[in-house]
Amino acid sequence: MADVTALVAGDAVAFEALLQMLMSAGNEQRAQAEAVFGELKKHPDACVSHLLRSLRASADLQARALSGVLLRKVLTRDATSLWPALAP
C-alpha cells in the first residue's frame, strides 16, 4: 500500500495501486485504502490531479470509472468540497 507522501509527490503507479485497493473485495484492504484516500484528500491539488489523470489515462476501465465517481464526490458531494481549496 502506498503511503500518502508518495501520492502527494505525484506517484501515478502508487495511485493506480490505491484505486485497485479501493475496489478490493477484502474489507481490511479496502478500509486501509479508504484511510489513505482520506489522508490524500487533505492535499486537494494532488488528489484532484491524480483523479483527473487516472480518469483520462488509466488503462484499467474500472479504475477510470472509479476515478470519475471519486472526482465527482470530492468536488460536489463530500461534507467539505475540495473545489474551493484547489490552487487557481
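Student: In this predicted model, does Val-36 count as buried or exposed, and at what relative accessibility?

Tutor: Val-36 is found in helix H3, and the cut-off that matters here is that a residue is buried under 20% relative accessible area. Because that cut-off lies above the value computed for this residue, Val-36 counts as buried, at a relative accessibility of 13%.

Student: How is H2 oriented relative to H3 where the two pack?

Tutor: The axes of H2 and H3 are 8 Å apart, and the helices pack at an angle of about 135°. Since angles over 145 degrees would count as roughly antiparallel and 65 to 115 as roughly perpendicular, this angle makes H2 oblique to H3.

Student: How far apart in space are Val-36 and Leu-51?

Tutor: Leu-51 is one of the buried residues of H4, while Val-36 is found in H3. The two residues are 15 positions apart in sequence, and their C-alpha to C-alpha separation in space is 14 Å.

Student: Which helices do the buried residues of H4 pack against?

Tutor: Helix H4 covers residues 44-57, and its buried residues are Pro-44, Ala-46, Cys-47, Val-48, His-50, Leu-51 and Ser-54. These buried residues pack against helices H1, H2, H3 and H5.

Technical notes: Residues numbered from 1 in each chain as written. Predicted model: local features only at pLDDT ≥ 70, side-chain atom pairs only at ≥ 80, totals over all residues. Heavy atoms only, no water. Helix = DSSP H or I, 4+ residues; strand = E, 2+ residues; numbered from the N terminus. Expected span 1.5 Å × (residues − 1). Buried < 20%, exposed > 50% of the residue type's maximum accessible area, 1.4 Å probe, protein only. Contact = heavy atoms within 4.5 Å. Axes fitted to C-alpha atoms, helices over the stretch in contact; angles between N-to-C directions. Parallel < 35°, antiparallel > 145°, perpendicular 65-115°, else oblique.
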